[in-house]
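Reader: I would like to go through this model feature by feature. Please give the general idea each time, then the case at hand.

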Amino acid sequence: MSPPPRVVQLNEANAFLKEHPEVQFVDLLIADMNGVVRGKRIERASLHKVYEKGINLPASLFALNINGITVESSGLGLDIGDADRICLPIPNTLSKEPWQKRPTAQLLMTMHERDGSPFFADPREVLRQVVARFEEEGLTVCAAFELEFYLIDQENVNGRPQPPRSPISGKRPHSTQVYLIDDLDEYVDCLQDILEGAKEQGIPADAIVKESAPAQFEVNLHHVADPIKACDYAVLLKRLIKNIAYDHEMDTTFMAKPYPGQAGNGLHLHISILDRDGNNIFASENPTEHPTLRHAIGGLQQTMAASMAFLCPNVNSYRRFGAQFYVPNAPCWGIDNRTVALRVPAESADSVRIEHRVAGADANPYLMMASVLAGIHHGLSRQLEPDAPMEGNSYEQAEPSLPTNLRDALRALDDSEVMSRYISPDYIDIFVACKESELAEFEYSISDLEYNWYLHTV
């Protein structure tokens, strides 16, 4: 008979502390609605108590705006007395933080009700409920993220970012130079420390690619047969990158569009699905005619507009879009075509998968994954047929049809009967309330451009 889960987790804590006697503190981490990591720091001696009893954090943690302020219209703040819930450790997420000068570990947490049931507004739980639809049918989702980011200088110019000086040449990069190996060499120490730190933390990152803007890079994560774990890795990778870069006297940004006229930061998601026998249900010598793949794409096409608020959750998110930056604004698809929203890589029959190319790096990975899997499951269960696959430049063929701003995206989500079948309407209400609050604050502010245009002209 296997030991109870709590005993197994205590064994995990004991083994880790024994292996790392130098560890002094443990950061207890939980990702909020925006994917921002929050939590508590405890001393080493308190770790066992965390595994036995968890920690208390307010439910309002999942109703914070991007500035960390509770959005009261969500109903998770004063309306419930800003009450606590209990947060419990996620197994196999205890690891060291390689950037810390004082030896410190980290542990991912997830929120529960007092009776032990999952808390509905934890984005990790939102995703778990969608994943359960696949598990009920004996299907396993395999997933991997590609995460883009900019290295930026710690010193901004009038509040705006600038590329960091190269530690090698002392110069700031200004050219695109996609895939240029020499640009990797300019920041080699920082980038190598990111890969080594990921390895130390058990994050399956195996490659860094120079992307198509100054000091912009992409980290590729391996496929894992657990979509929730894939999101855990993405959240932890962002935190690792930020802290390693800071150690190298640089900052980073995952903002969707930090520079006008340059490429934005994307979060591409690769999905394949295995049946009970471990076979890829998308595998085909002729993907365009494969019924299962076509149904999955049909569902993604039908739900993409309603998913946009999860894929592109911020005002800035919608500045990424444009043909010159390989960000499509129509739910089109094609085989090995990087101009479409849904690319089907097909190096071999067994490797056929779907690459979702719409989301920005500012998306919460759990909510993004939940919306994508909802679309796939909807298509599979309803046997939906997609449009014809596109060849060549889709920007010259597909009429833009996806929401182009946050307000329209929130309306599409709020009105979607399909999304409400997969994601709790109560959670959608909270998400929409929080994002509408941010949008209202943004629209209330007056930009420098408005003063430049109108102050002395109208």
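Reader: Does Glu 385 count as buried, exposed or partly exposed, and what is its relative accessibility?

Author: This is a predicted model. Glu 385 has 49% relative accessibility, so it counts as partly exposed, since exposed means over 50%.

Reader: Which side chain does Glu 385 meet in a salt bridge?

Author: Side chains of opposite charge can pair when their charged atoms come close. Here the partner of Glu 385 is Arg 294, at 2.7 Å from N to O. Arg 294 is buried, with a relative accessible area of 15%.

Reader: Where do Glu 443 and Arg 407 lie in the chain?

Author: The side chains of Glu 443 and Arg 407 meet in a salt bridge, also read from N to O, at 2.7 Å. This pair links distant parts of the chain, 36 residues apart: Glu 443 is in helix α11 (residues 425-444) and Arg 407 in helix α9. Glu 443 is partly exposed at 45% relative accessible area, and Arg 407 is partly exposed at 30%. Elsewhere, salt bridges that share partners join Asp 27, Arg 41, Glu 97 and Arg 239 into one network.

Reader: How many residues apart are Glu 125 and Arg 128 in helix α3?

Author: Three, so about one helical turn separates Glu 125 and Arg 128 in helix α3 (residues 123-136). Their salt bridge has its closest N and O atoms 2.6 Å apart. Glu 125 is buried at 7% relative accessible area, whereas Arg 128 is partly exposed at 38%. The count of salt bridges comes to 18.

Reader: At what angle do helix α6 and helix α8 pack?

Author: Two packed helices are described by the angle between their axes and the distance between the axes. For α6 (residues 227-247) and α8 (residues 365-382), the angle is about 150° and the axes are 9 Å apart. The crossing of α6 past α8 is right-handed. Contact residues of α6 include Pro 227, Ile 228 and Val 235, and those of α8 include Tyr 366, Met 369 and Leu 373.

Reader: Is Met 111 buried or exposed?

Author: Met 111 has 1% relative accessibility and so counts as buried. Met 111 is found in strand β6 (residues 104-112). Leaving aside neighbours within four places in sequence, the residues in contact with Met 111 include Ile 30, Leu 57, Phe 62, Cys 87 and Phe 119.

Key. Residues numbered from 1 in each chain as written. Predicted model: local features only at pLDDT ≥ 70, side-chain atom pairs only at ≥ 80, totals over all residues. Heavy atoms only, no water. Axes fitted to C-alpha atoms, helices over the stretch in contact; angles between N-to-C directions. Helix = DSSP H or I, 4+ residues; strand = E, 2+ residues; numbered from the N terminus. Left-handed = near helix turned anticlockwise from the far one by under 90°. Contact = heavy atoms within 4.5 Å. Buried < 20%, exposed > 50% of the residue type's maximum accessible area, 1.4 Å probe, protein only. Salt bridge = Lys/Arg side-chain N within 4 Å of Asp/Glu carboxyl O.
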